[in-house]
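Me: Hi! I'm new to this one and would like a quick tour. Could you put it up on the screen?

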Amino acid sequence: MARELKPHPGRRRAAWLALVAAVLLVHALVTREVAQRMRDFNLEAAMPARIEVAYVRELEPTAPPSVAPVAAPPPAPARAAPPRRAASAPKAEPKPKPKVEPAPELPPEPLAQTQPEPRIEAPPDPSPALPEAAAPAPLAESASAAPPTSAAASSGTGTRFEWPNSTRVSYVLTGNVRGEVAGDAQVQWIRADNRYQVHLDITVGPAFAPIITRRMSSDGELTEAGLSPHRYDEDTKAAFRDRRRLTMHFEPDAIVMADGGRRERLPGVQDTASQFIQLSYLFSTRPELLRVGGTIEVPLALPKKIDRWIYDVLGEEVIVAPFGTLQTFHLKPRRAVQKSGDLVAEIWFAPALRYLPVRIRIEQDPQTFIDLIIARRPELAGP
């Protein structure tokens, strides 16, 4: 008869402890995941709620308003040189007059009736009369980014500028972040009466398992000078890292930075998200700013500092989009000193698409960048 083997008490205890440890590990992982989800939910809820809109149609490219080149002031008419005086001849010595004998006297003749002597008109002067000196022509206005301050801001055609309906621009993302990356992005311009929101959403990697997601949102009001931010939020989530949130508040005379410090609010200041739509507004109302070789200054509030950014208009370039080619103007910010980690955004604006940005290249250094190129026609909300 076979003998029944009983497990050793030490082995049973080890198996029991292993089971308990596995249960505790799973519990800890679940607890950590739930805590992370709760934290993410609280961070997401802390951001301003998006204004919900429905996009119902696409924006068709149209011919932009033509801008006449700035003409140079006409040259002032040349003045005729005063006639030179002839050199005076040397005075000749007077010659002695010959002595004349007096003629014999004759008897007087009867006086004949005298006729009036004919009047001879002087011939007309063949040279035309010179015009009076003209006043100097006014100098051409230098390009600046200062928007129209009048309530009737014109759109370059003499008509009042009307803010467009809510618009969404979708992009295909490529780039290099420690290796080649791909993804997608969107810029949304949302308008509700005099309130606006601008959202820039970037997803690196597949949508179901992104490597990095970042949302940059600007919330504020529309004014005669364009966009006036009230609040800026930035939300970044990277794989295997904690979610990062920061917020900036724009007060009438100061900006509360992400670290709680207060800085002076510069006139016309924008944030990272609102700058794209503010530039579109400036070019819609003052298309003459987009001249190759010109510059546009934008006061920009970044999460860690406030600076005046100067964009150079580098030139006109053609962007090949899935729905056709687009003539664009290429702008690049001029930075005297770029610190390590600073992001620089080059932008391509398309006049045929209401001066919307159709390409955005965000670069940290030549080896770390993402490139956004428009993927489809911009979508518009009703009506």
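Reply: Here is a short walk through the chain, one topic at a time. Keep in mind that this is a predicted model.

Me: Thanks! How many helices and strands are there in the chain?
Reply: The chain has 2 helices and 16 strands.

Me: And what share of the residues count as buried?
Reply: Of its 383 residues, 36% count as buried. The accessible surface comes to about 25900 Å², and carbon and sulfur atoms make up 58% of that.

Me: What about contacts in the chain, what share is between residues 24 or more positions apart?
Reply: Such pairs account for 53% of the contacts, taking those with a separation of 6 or more.

Me: Let's go inside. Which residues have the most contacts in the largest nonpolar core?
Reply: Those are I202, L279, F283 and L331, in a core of 64 residues. Helix 2 gives the largest share of this core, with 6 residues.

Me: What is L331 in contact with?
Reply: Setting aside neighbours within four places in sequence, its contacts include F283, L290, I296, Y311 and V313. D312, E346, I347 and F349 are also among the residues L331 is in contact with.

Me: You mentioned helix 2. Where does S274 sit in it, and what residues does the helix cover?
Reply: Helix 2 covers residues 274-285, and S274 is part of it.

Me: Is S274 buried or exposed?
Reply: S274 is buried, as its relative accessible area is 0%. Leaving out residues up to four places away in sequence, S274 touches Y196, S218, L227 and P229.

Me: Okay, and the other helix? Where is L24?
Reply: L24 is in helix 1, which spans residues 9-46. This residue counts as exposed, with 56% relative accessibility. Together with W16, L17, L19, V20 and V23, L24 makes a nonpolar surface patch of about 620 Å².

Me: Switching to strands. How many residues of strand 6 are buried?
Reply: In strand 6 (residues 226-238), 10 of the 13 residues are buried, so the strand is largely enclosed by the rest of the structure.

Me: Which way do strand 5 and strand 6 pair?
Reply: They pair in the antiparallel sense, over 12 bridges. The two form a hairpin with 2 residues between them.

Me: New topic: how many salt bridges does a search of the whole structure find?
Reply: The search finds 18 salt bridges. One of the pairs is R168 with E379, whose closest N and O atoms are 3.0 Å apart. R168 lies in strand 2 (residues 167-176) and E379 in strand 16 (residues 379-381), so this pair ties together parts 211 residues apart in sequence.

Me: Nice. Is E379 buried or exposed?
Reply: E379 counts as buried, at 10% relative accessibility. R168 and E379 also belong to a network of salt bridges that links them with E58, E60, R376 and R377.

Me: And the salt bridge between R308 and E297, where are those two?
Reply: The side chains of R308 and E297 meet at 2.9 Å, N to O. R308 lies in strand 11 (residues 306-321) and E297 in strand 10 (residues 295-301), so the pair ties together parts 11 residues apart in sequence. R308 is partly exposed at 42% relative accessibility, and E297 is partly exposed too, with a relative accessible area of 36%.

Me: Last one: what does R359 form a salt bridge with?
Reply: Its partner is D371, and the closest N and O atoms are 2.7 Å apart. R359 is in strand 14 (residues 356-365) and D371 in strand 15 (residues 368-374), 12 residues apart. Both R359 and D371 are buried.

Terms used
Residues numbered from 1 in each chain as written. Predicted model: local features only at pLDDT ≥ 70, side-chain atom pairs only at ≥ 80, totals over all residues. Heavy atoms only, no water. Helix = DSSP H or I, 4+ residues; strand = E, 2+ residues; numbered from the N terminus. Buried < 20%, exposed > 50% of the residue type's maximum accessible area, 1.4 Å probe, protein only. Contact = heavy atoms within 4.5 Å. Areas by Shrake-Rupley, 256 points an atom, 1.4 Å probe, with all protein chains shown as cover. Patch = residues over 30% accessible without salt bridge, like charges linked within 9 Å, V, L, I, M, F, W, Y side chains within 5 Å. Salt bridge = Lys/Arg side-chain N within 4 Å of Asp/Glu carboxyl O. Core = buried A, V, L, I, M, F, W, Y, C linked by side-chain atoms within 4.5 Å. Pairing = 2+ DSSP bridges.
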